[in-house]
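Reader: Please show me the structure, and then let us go through one part of it by question and answer.

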Amino acid sequence: IKRVIMKKQAFIEHLLNWVSENNLNINDVHVSHGGTCILLGLKENTDDIDLTVTDEIYTKFKAKGLVELPLKDNRSLLKVNSMIDIHVVEPWVNASTCLKKHDSGIWYRDVEQTIRDYEYLNREKDQLMVKKLQQYLLG
């Protein structure tokens with residue numbers, strides 16, 4: 001699979017186009033982790049979009065025959081194309097309180113939740129981003 005490196009504007013355009021092409025409501029999806037960091041300017045680029053979607057959207061794409069890839073905690077994701085992975089909201093995330101809307105119209109998890117997510121995942125590769133997020137909170 002060919003990976004395309006997206007800077008912030010390309011990330012926004014690609015996500016909004018995908019939502020539109022699939023007749024989805026922008027309010028039914030949100031970005032987390034790296035997506036939050038891209039939108040806030042804390043990360044320069046990314047090669048994928050991790051998108052949290054409603055159960056209904058997940059089921060719709062699963063019905064197309066996409067293969068579920070396992071995550072920890074008996075969760076899974078669907079790779080809908082070379083750049084977008086979708087999953088349902090994690091049990092520890094309260095989406096009703098942690099989402100913010102970017103100027104582009106894209107919803108994203110706030111900085112505090114993103115730090116909690118990274119701490120939960122506990123991956124070496126995320127440690128520098130956790131520090132950047134903590135500094136961002138301090139202004």
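Reader: Which residues are exposed on the other side of α6?

Author: This is a predicted model, in which local features need pLDDT of at least 70, side-chain atom pairs count only at pLDDT 80 or more, and totals for chains, interfaces and linings use all residues. Residues are numbered from 1 along each chain as its sequence is written, and side-chain values use heavy atoms, with hydrogens and water left out. Helices are DSSP runs (H or I, at least four residues), numbered from the N terminus. Exposed means over 50% relative accessible area and buried under 20% (1.4 Å probe, protein chains only), and the exposed residues here are Leu128, Lys131, Gln135 and Leu138.

Reader: Where do the buried residues of α6 lie, seen down its axis?

Author: The buried residues of α6 are Met129, Val130 and Leu133. They fall within an arc of 105° (taken from the directions from the helix axis to the C-beta atoms), so they line one face of the helix.

Reader: What do the buried residues of α6 pack against?

Author: Contact means heavy atoms within 4.5 Å. By that rule, the buried residues of α6 pack against α2 (34-39) and α5 (111-121).

Reader: How are α5 and α6 oriented to each other?

Author: Axes are lines fitted to C-alpha atoms, for helices over the stretch in contact, and angles run from 0 to 180 degrees between N-to-C directions. The axes of α5 and α6 come within 10 Å and cross at roughly 155°. Angles over 145 degrees count as roughly antiparallel. The two helices, α5 and α6, are therefore roughly antiparallel.

Key. Parallel < 35°, antiparallel > 145°, perpendicular 65-115°, else oblique.
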